Amino acid sequence: MRAAPTILHLDMDAFFASVEQASKPSLRGKAVIVGGLGPRGVVATASYEARAFGVHSAMPMAQARRLAPNAAYLVPRFQLYRTISEQVMGLLRELSPLVEPLSLDEAFVDLEVAGAAWDETSARLVGGGLRADIRRVTGLTGSVGLAASKMLAKIASEQAKPDGLVVIEPGTERALLAPMSVRTLPGVGPATGDHLRRAGITTVGEMAEAGEDELVRLLGKAHGHALYAMALARDERSVVAERETKSVSVEDTYDVDIHDRVRVGVEVQRLAERCVRRLRGAGLSGRTIVLKVRRYDFSTLTRSETLRGPTDDPAVVREAAARLLELVDTTGGVRLLGVGVSGLADYTQEDLFAQAAGEGDGGPGLGEGDRDGEGGGEGAGAGDVGGVVEGAVGERRWMPGRDVRHAVYGHGWVQGSGVGRVTVRFETPGSSPGRVRTFLVDDPELVEADPLPLVAGGCGGAGGAGAVGGVLA
Ligand SMILES: [Mg+2]
């Protein structure tokens, strides 16, 4: 393991909720909850104000509503989150070619490889500079952890939250880890945690004391070895750039097009099982489930869903693939089907799946999840969860949080709708908190709008760090 704290972990603070607060001045300092708003929706992100009520990611939305009935409940605006994520990742890539994104708002960076930092002092300077740049370019805050390994850097950024920086000095790792819960270690989910607890092991220190043989006996060879090393703060995993491009996938071409929807569903389940067998065989897990469908006319669609954390659970992959299939029209017949898993990781966190999660409400399935349109694009395909949805009776449905423009009052966002009316708050990232007005849902003067940049002159993509000014309050 390296001798200096030159692995950096960045985690944006309450990312989706912070973007919404920056966009909507009336929500700053208030409890904001972003996620699927339907009956089976889950919380993707809660603002720190909402967390004070006990609301957290992956919690069923119905439970969140009981805990924080007065919070603002919004659907996610992934297009905007992705744009801001690209700005942040661009800043990270200016520091080092070795950037490993874990999600839209989280990444590891190896500072040593490019000579950006070589000791604690230089690492601190880079981390502090990065936080200032992120604030300047995006108007948002991110927390930084610095350590000699990925595991410790992630623990450090967790300790730094919100809006902070923590360095774990090499040599202090074991003492720091010893009193922490075994659940702190990557690869210890609720099931493994329970298993260890029944054996009398609740802290990392107790895990180290139990010894390698005992852990192997309890957890099996591969898992036991790996976790014993982690308990001793030995983590040699390197930062791997562009990991998300790696994937494991399987596909089948059919001699005769399949028309029967039930049969298509069965084939997809079978492919999902096969894909997971391969994934497990390679000792991997992944976060993004991809469904590929080639139709009778050779048009090929892909649909993907990104989970909050990596999985190698066949049930999770089967369910995700089934959800994705619901987004595809197969009535003309299907000649090829494929299921893949990408965003691969070495360790599986099995605790991240609130399985009741949100299909059927157009919201994110699981936590800070994502659904892409065709080929990952932004089209208004079936996979798009955005904007105005045609209701059952052809009436426009306005989703809370979405951007709108009114011919007279200008840019605003949907605060709520029901019984034929829609309530809009007219404000922009740079304005003061705005006024609320109510319209008929089919008011011709009211149309969907694109999100506005959070920082004036922003949204120019990554790399334009020097070009944008202005910091949000
Ligand atoms: Mg975050």
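Predicted model: local features only at pLDDT ≥ 70, side-chain atom pairs only at ≥ 80, totals over all residues.
I noted the crossing of α10 and α11 as right-handed. On the α10 side I listed Glu212, Leu215, Val216, Leu218 and Leu219 as making the contact, and on the α11 side Lys221, His223, Gly224, His225, Leu227 and Tyr228. Sorting the residues of this contact by class, I have six nonpolar, three polar and two charged.

Next I turned to helix α13, residues 314-325, whose 12 residues reach 16 Å from the first C-alpha to the last, close to the 16 Å expected at 1.5 Å a residue. I checked how far α13 is covered and found nine of its 12 residues buried. Among the buried residues I wrote down Val316, Val317, Leu324 and Leu325, and also the charged-class entries Arg318, Glu319 and Arg323.

Last, I looked at Ala52, which I placed in the loop between α2 (48-51) and α3 (61-67). Is Ala52 buried or exposed? I recorded Ala52 as exposed, because 12 other C-beta atoms lie within 10 Å and the cut-off for exposed is 12 or fewer. I also noted that the C-alpha atoms of Ala52 and Ala31 are separated by 8.6 Å, with the two residues 21 apart along the chain.

How values were computed
Residues numbered from 1 in each chain as written. Left-handed = near helix turned anticlockwise from the far one by under 90°. Helix = DSSP H or I, 4+ residues; strand = E, 2+ residues; numbered from the N terminus. Contact = placed C-beta atoms within 7 Å. Expected span 1.5 Å × (residues − 1). Buried ≥ 20, exposed ≤ 12 C-beta atoms within 10 Å, placed from the backbone.
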